[in-house]
Amino acid sequence: MKEEIKSLTLTYKDARIAFFWKCVEYTGLLLFLALIPRMMGPQLYGDFALLLSIIVLLVFSNALGGMPTFGRFIPEFKVKGEIASIRGVFTQFIILRLILAAPVILFFLGLNSYFQWVINNKILISLSLTYIFGIISLSCYQLFYGLNKMGRYLFHGSSTRILLVFLLLIYGGAVDIEKASYMLVGVELFLSCVLVFFARKYFSLAAAIKYSSSFYSQLSFGLAFFVSNFLLMLIWRSGEAIISLYSVGSEQVAFYNLSNSMFLAINALFAQVGTILLPSINAMHSLGDSNRRDDWLGGLFTYTVVLSFVVLIAINSIGAFVFELLLGGGYSEAFSNFKVLSICLLPLSVIRLGQTVALVHSRPKDNFLISLITLFVFSVSVILLTEEYGAFGVSLSVVMAFFASSFFSYYHFNLSEVLKVTDLGKVVGVGCFCLGIIELSVLPKEVTGSIVLLTFIVLMFLMKIINRKEISRMFKKDAL
């Protein structure tokens, strides 16, 4: 049993590969933001950003919950040796996505006349091709996610911006929106070809037909989680519109947008850790190794909370300096919003643990309930706070919503059973004490923060919250 689990779960070698691809991704992001807007200029970059947002929105609309479906069922099929079932669900998703792509493209073409700037036919064709190649890539890297091949899963998202930067730099100042659209096609075509090559043995029309009877239940499972995630996305993406609706000043929109964008970039790193480990956890669940499964979940939660406090200490000590260095002194209120939003790292750790439990135990309705509660608390809060407090009120509403959702998740999913291997009270107590010292200290926050951060890490080791042997094993080839 142990050897079977080991072959299906993530190793530290896999974790290092995942870390490498995340470094590539964020390097590409930094290069993109540092070079492309200046090279293009405000107007051209604005048009190009719109093209990117359209592609992302179109591909997201065709996700259909493929990630939770593949993450839940493919590890189970792999454990049972049902390779034909993996081929069936993979091929079925590709076929369905391509079928749905046609009306989506037609709808998009019909909306073209409502855009404020004219997209010519060549650009429309480029966008359509990028969309088609994008959903093929989407199916392939979701397959690799379910198969626990994390290098191939992360290859697409990590390579996209670097490849795009490379192509745009070749053209330099000679680029225009039409050429930029061609580059989008080129990047997505290259990535889809690579992914299709690696996934080629999983294409099977025969398997798709043979297992068609089970596809509806698998799709329904994924769609339930997709709807839940969409509700949470409304919270993160509706703040600017809500602030505009209350007409509390356009600068408040800018403050919230900057703080929200920076927080989501940090939160994405935390979310990715759980995403990468989920297929391994599902494999343990399918093999009946509940003790090791819960040990992984508890350990993941512990280290996530510890890292959350490390980030919070860093934000409260050097965040103001970094914000002023990057944006100037006129954006101090944006940092205030960012500090508030960063508190969400703590409740989001609990919520992600609850979502993982819901996914492992196939409880999409419970996950949907969590999303509804979060959206409800957020909606009530913004009505009460936005008109008077502007962006700060929306940020507070986000924090209140996720704290309410985390408390409900903890009791609803009985997470105390999973968290019995952790000492959450010690981490939270020490972490809050350290943050309090930073706020009350008469010394410069940068100096106090450095001392407090070192003290916090040392205390985590002394209290055996962080295990030195577990850290050292990251540099070995043992399985997690």
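1. Which residue follows α4, and is its phi positive or negative? The residue after α4 is G81, and its phi is positive, near 75°. The model is a predicted one, in which local features need pLDDT of at least 70 and side-chain atom pairs count only at pLDDT 80 or more, while totals for chains, interfaces and linings use all residues. Residues are numbered from 1 along each chain as its sequence is written, and side-chain values use heavy atoms, with hydrogens and water left out.

2. Helix α4 covers residues 66-80, helices being DSSP runs of H or I of at least four residues, numbered from the N terminus.

3. The structure holds 10 aromatic pairs (rings of Phe, Tyr and Trp, the last by its six-membered ring, with centres within 6.5 Å; planes over 60 degrees apart count as edge-to-face). The rings of F70 and F93 have centres 5.1 Å apart and planes at 85°, so they meet edge-to-face; F70 belongs to helix α4 and F93 to helix α5 (residues 83-111).

4. F93 also pairs edge-to-face with F215, with ring centres 5.5 Å apart and planes at 85°. Because F93 lies in helix α5 and F215 in helix α10, this pair ties together parts 122 residues apart in sequence.

Definitions and conventions. Helices (H or I, at least four residues) and strands (E, at least two) are DSSP runs, numbered from the N terminus. The expected span of a helix is 1.5 Å times one less than its number of residues. Rings of Phe, Tyr and Trp (its six-membered ring) pair if their centres lie within 6.5 Å; planes under 30 degrees apart count as stacked, over 60 as edge-to-face and the rest as tilted.
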